[in-house]
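This report describes parts of a protein model. The sequence and structure are shown here first.

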Amino acid sequence: MIHSLPVAGLILAGGLARRMGGGDKCLLPLAGKTLLQRTIERARPQVDELLLNANGSSLRFARTRLPVIADEFPNNPGPLGGIHAGLHWLKRDNPDAEWLISFASDTPFFPEDLVARLLESAISHKVQLSLASSQNRLHPTFALWHASLLSPIEQQLASGEIPRLQDWVAQQRHSTVEFAIGEYDPFFNINTPQDLYTAESKIHLVD
């Protein structure tokens, strides 16, 4: 790690993957490794502890040896529900850590200095939320969340109105870190079979 404050990492893998035909999208192969394996390899060096947010049986992720935490709220509330589960774990099991970084499990090229830059931005701007961006487009599943955000997120989910993650973060005071695009977008995410083929053609640029 290249930062000093403790940061826990949370891989979000609780989506329904409808555009990929359902199932665990993160277990799809990309050039000999699953998307989840690639996410773990890029995330683990950046954090003190790494968790996986997923619902259903945790046995299908046993090979990762990661702690698997499920959503606290029912009916698949989406990524905001996953963030809530991670912050709830932070409060219960790692109360000395103030920060949680979220990673999407379908975005295998994300930056290796993501955590350091988001943490620097959050501290310098004195905010509780710092978001990644590329081409002036926010990527709220790649964000740094302060432990104090647990309460407002819990209140939002308990209200029964589940907003899109990008809409919820837009209403919060936050900082943004812009990541440059070179030969590929570091936040290229895989939603369809065609996206997977596109990622295959770019994997040599990052491996």
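The model is a predicted one. It contains an open sheet of 7 strands in the order 5-4-1-6-8-7-9, with mixed pairing. Strand 5 (68-69) and strand 9 (175-178) are the edge strands, each pairing on one side only.

Strand 5 pairs with strand 4 (residues 49-53) in the parallel sense, over 2 bridges. Asn53 has Ile69 of strand 5 as its bridge partner.

## Phe103 in strand 6

Strand 6 spans residues 99-104 and includes Phe103. Phe103 has a relative accessible area of 0% and counts as buried because that value is under the 20% cut-off. Between Phe103 and Ile40 the C-alpha to C-alpha distance is 9.4 Å, with the two residues 63 apart in sequence.

## Helix 3 across the strands

Helix 3 (residues 114-125) lies across strand 1 (7-12), strand 6, strand 7 (129-134), strand 8 (137-146) and strand 9. Relative to strand 9, helix 3 runs at about 145°.

## The two faces of helix 4

Helix 4 covers residues 150-158, and its buried residues are Leu150, Ile153, Gln156 and Leu157. These residues sit on the same side of helix 4 because they cover an arc of only 130° around the axis. Their cover includes helix 2 (79-93), strand 8 and helix 5 (165-170).

On the face turned away from the buried side, helix 4 carries the exposed residues Gln155 and Ala158.

Note on methods
Residues numbered from 1 in each chain as written. Predicted model: local features only at pLDDT ≥ 70, side-chain atom pairs only at ≥ 80, totals over all residues. Heavy atoms only, no water. Helix = DSSP H or I, 4+ residues; strand = E, 2+ residues; numbered from the N terminus. Buried < 20%, exposed > 50% of the residue type's maximum accessible area, 1.4 Å probe, protein only. Pairing = 2+ DSSP bridges. Contact = heavy atoms within 4.5 Å. Axes fitted to C-alpha atoms, helices over the stretch in contact; angles between N-to-C directions. Arc of directions from axis to C-beta.
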